[in-house]
Amino acid sequence: MFTLVIYDITENELRLKVAQACKRYGLIRIQKSAFLGRISSALRKELIASLKRLIEGTENNIQVYVICEADISLKIELGKPYKGEESEMLI
């Protein structure tokens with residue numbers, strides 16, 4: 001299963017910490033505020049707990065989606081692909 005994390009965070013320092021957490025758990029940045037990767041459910045639970053601690057008491061928003069292989073294969077990408085610091089391909 002794939003894990004998709006998207007977020008809307010206004011503070012630069014907190015946004016950086018969220019991005020670092022996503023990377024630590026093996027997710028790859030696919031947009032400026034979106035990470036995707038194939039991780040176990042146990043790691044996903046750890047990641048969610050870590051993200052929850054980071055934004056506790058703030059007005060920020062993080063959403064975590066679990067996406068199956070069949071659904072991810074239906075992805076349609078429009079426009080110029082995101083070229084972040086990662087050059088790896090997920091699929």
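Which residues is Thr3 in contact with, leaving aside its neighbours within four places in sequence? In this predicted model, local features are reported only at pLDDT of at least 70 and side-chain atom pairs only at pLDDT 80 or more, whereas totals for chains, interfaces and linings use all residues. Residues are numbered from 1 along each chain as its sequence is written, and side-chain values use heavy atoms, with hydrogens and water left out.

With contact defined as heavy atoms within 4.5 Å, and with neighbours within four places in sequence left aside, Thr3 is in contact with Leu27, Phe35, Leu36, Gly37, Ile39, Arg44, Val64 and Tyr65. Thr3 is found in strand S1, residues 2–8, where helices (H or I, at least four residues) and strands (E, at least two) are DSSP runs numbered from the N terminus. The relative accessible area of Thr3 is 0%, so the residue is buried; here buried means under 20% relative accessible area, exposed over 50%, and partly exposed in between, computed with a 1.4 Å probe on protein chains only. The side chain of Thr3 is joined to that of Arg44 by a polar contact of 2.8 Å, a term that denotes a pair of N or O atoms within 3.5 Å, of which, within protein, one must be able to donate a hydrogen and the other to accept it, residues adjacent in sequence counting only if both atoms are side-chain atoms.

Strand S1 belongs to an open sheet of four strands in the order S2-S3-S1-S4, with antiparallel pairing; two strands are taken to pair if DSSP finds at least two bridges between them. The edge strands, each pairing on one side only, are S2 (28–31) and S4 (61–67), and the twist from one strand to the next averages 25 degrees. Seven bridges connect S1 and S4 in the antiparallel sense, and Val5 stands opposite Val64 in S4. Helix H1 packs on the sheet and touches S1, S2, S3 and S4, its direction making about 175 degrees with that of S1; for such values, axes are lines fitted to C-alpha atoms, for helices over the stretch in contact, and angles run from 0 to 180 degrees between N-to-C directions. Helix H2 lies across S1 and S4 and runs at about 170 degrees to S4.

In soluble globular proteins, nonpolar side chains tend to be buried together. A nonpolar core is here a set of buried Ala, Val, Leu, Ile, Met, Phe, Trp, Tyr and Cys residues joined through side-chain atoms within 4.5 Å. The largest such core has 16 residues, and those with the most contacts inside it are Val5, Tyr7, Val18, Leu47 and Ile62. Two or more residues are given to this core by each of S1, H1 and helix H2 (41–55), and the largest share, five residues, comes from H1. Once neighbours within four places in sequence are left aside, Leu47 is in contact with Val5, Ala21, Cys22, Tyr25, Leu27 and Ile39.

Not counting residues up to four places away in sequence, Leu54 touches Leu14, Lys17, Val18 and Ala21; Leu54 and Lys17 are 37 residues apart in sequence, yet 7.7 Å apart in space, C-alpha to C-alpha.

Side chains of opposite charge can pair when their charged atoms come close. The structure holds three salt bridges, a salt bridge being a side-chain nitrogen of Lys or Arg within 4 Å of a carboxyl oxygen of Asp or Glu. One of them joins Glu13 and Lys17 at 3.5 Å, N to O; both residues lie in helix H1 (residues 12–24), four residues apart, about one turn of the helix. Glu13 is exposed at 58% relative accessibility, and Lys17 is partly exposed at 37%. A salt bridge of 2.8 Å, N to O, is found between the side chains of Arg38 and Glu69. This pair links distant parts of the chain, with Arg38 in strand S3 (residues 34–38) and Glu69 in helix H3 (residues 69–72), 31 residues apart. Arg38 is exposed, at a relative accessible area of 51%, and Glu69 is partly exposed at 40%. The side chains of Glu77 and Lys75 also meet in a salt bridge, at 3.5 Å, N to O; Glu77 is partly exposed at 42% relative accessibility, while Lys75 is exposed at 52%.
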